[in-house]
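Me: I'd like to learn how to read side-chain features in a model like this one. Can you walk me through a few?

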Amino acid sequence: MKITHSKSQLLGIVSVFAMFIFSNGRTINSNNELIRAVNLGGWLVAEGWMKPSLFDSIPNKDFLDGVALQFKSVTTGKFLAAELGGGSIIVANRTSASGWETFRLWRINETSFHVRVFSKQFLEIESMGAKVVATSTDSETSGIFQIIRKSDDPSRVRIKAPNGLFLQAKTEDLVTADSNGNGQWGNNDPSVFEMTIGQGFQGEYQVTNGYGPLKAPEIMKDHWDTFIVEKDFSFIADSGLNAVRIPVGWWTAKDPTPPKPYVGGSLEVLDRAFLWAKKYNLKVILDLHAAPGSQNGFEHSSTRDGSVEWGQTDESIEESVRVIEFYTARYATNPSLYAVELINEPNAFGVSLSVLTKFYNDAYTVVRRHAPNAFVILSNRLSGEPKELFPLASGMKDVVIDVHYYNLYWDMFNDMTIDQNIDFIKTNRSAELQHITTSNGPLTFVGEWVAEWQVRGATKEDYQRFSEAQLQVWGQASFGWAYWSLKNINNNWSMDWMIKNGYINL
């Protein structure tokens, strides 16, 4: 998702690889030039950090799907917790809050929620009595809860249960739903809790479910029509780039009536993007960025609550294969379709290699059925082994391994200087890329990178040096690279801004 050599030097790099890189029988030559692309992120798969204003008007937006809440009883002075992480009772005896003491919301509307605990069970009231437990794995049978905030202190709350009464911490080991909740919010009222709001998500699921079925279609249509427009494709082509990587969600394949909470209309926008790409002679890499149930637990895969549900059932795999087939069949005759990326950033902490291998095999087959000459891109797993997909790729034609490189997200980058960051690109990253770029293996693609880092106070020249180092190293990838992203409220993440202001020289 984050640049300068002279133009002649870059062309030299391209020429060398155009003549000499081979992979699985496909030669990257003058007809198949190295990809120099930009991601159209945040467009058809929403990401709130890229465009916060998209979420501004959501009612009660503190309580979007997946937000992590912790509740401290004012009488026991301790946190509510799902005993054993779930599958048992709720207690109020924890002195500090972590996983078992965290409750995640599944939003029904702006005031009503299902509540999920650490081990993925939902809060409910025991069938015989008023004891609060977390034993149900079915949200629909678990009941609906409401969170009532004190008007002059929103961190002070009561929790209304499905039976119409309020939760109370009777003792440290007994939490029940049998309070009338009509006290004065004092520290002696066991139905009062101090609420802490933790990690939240701002993805496609949150924006569509947050606005609801009446407002979301209007909000999303305006976003699709304005965030990326035809002149952006013209700018991309004029800037010397030759491709776009377009992240899409699985729900777009269900247009015009995708499953709730998603809204229709995005397929028409994707069709428009292919027409613009054809008009401006740009290649398209179609990237399944968000798979059913989320393949990595991040908002950019439209997770509901941070869980990795994709691959946990055969249906999620089969549905994803159907989605890949739909997209490939739809665009196979468009000359701009250059590659299909079967899934983006599956997480090794949740997606096993065997499950991913089965999906890749099945999805590769349906791509070849409709687009025998398109490249097929396999994304490495987050935290997976660099070459773990090589055995699978060896039996495939025109296949590419996608890796993403950021000088971000790890503590090791926090205190690096400007020169240390640049040296890390030229030494460590270069070695990593060379390790997977082989003469007889799959092609390699740096599908996401950005000219952003943890350095504060860097000058324009510093950014130019950093971006130049990356362009030089990513030029060694035998398929090419793609910057993340074209548009972003954060300027250094926006290739549009970086090029126009001279921070990146192509």
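This is a predicted model: local features need pLDDT of at least 70, side-chain atom pairs count only at pLDDT 80 or more; totals for chains, interfaces and linings use all residues.

Me: Is Ser478 buried or exposed, then?

Reply: Ser478 has 1% relative accessibility, so it counts as buried. You'll find Ser478 in the loop between α10 and β22 (480–483).

Me: What does the side chain of Ser478 reach?

Reply: For polar contacts, look for a pair of N or O atoms within 3.5 Å. Here the Ser478 side chain gets to the backbone nitrogen of Thr444, at 2.9 Å.

Me: Now the rings. How many aromatic pairs are there?

Reply: Ring centres have to lie within 6.5 Å, and planes under 30 degrees apart make a pair stacked. That rule gives 26 aromatic pairs. Take Trp453 and Phe466: they're stacked, with 4.3 Å centre to centre and 20° between the planes.

Me: Which parts does that pair tie together?

Reply: Trp453 is in the loop between β21 (443–449) and α10 (460–474), while Phe466 is in helix α10, so the pair links parts 13 residues apart in sequence. Trp453 and Phe466 are both buried. They also belong to one aromatic cluster with Tyr463, Trp497 and Tyr503.

Me: And where do charges sit over rings?

Reply: The idea is to check for NZ of Lys or CZ of Arg within 6 Å of a ring centre and within 35 degrees of the ring normal. Lys283 has its charged end over the Tyr338 ring, 5.4 Å from the centre. Lys500 lies over the face of Phe235, 4.9 Å from the ring centre.

Methods. Residues are numbered from 1 along each chain as its sequence is written. Side-chain values use heavy atoms; hydrogens and water are left out. Rings of Phe, Tyr and Trp (its six-membered ring) pair if their centres lie within 6.5 Å; planes under 30 degrees apart count as stacked, over 60 as edge-to-face and the rest as tilted. Helices (H or I, at least four residues) and strands (E, at least two) are DSSP runs, numbered from the N terminus. Buried means under 20% relative accessible area, exposed over 50%, partly exposed in between (1.4 Å probe, protein chains only). A polar contact is a pair of N or O atoms within 3.5 Å; within protein, one must be able to donate a hydrogen and the other to accept it, and residues adjacent in sequence count only if both atoms are side-chain atoms.
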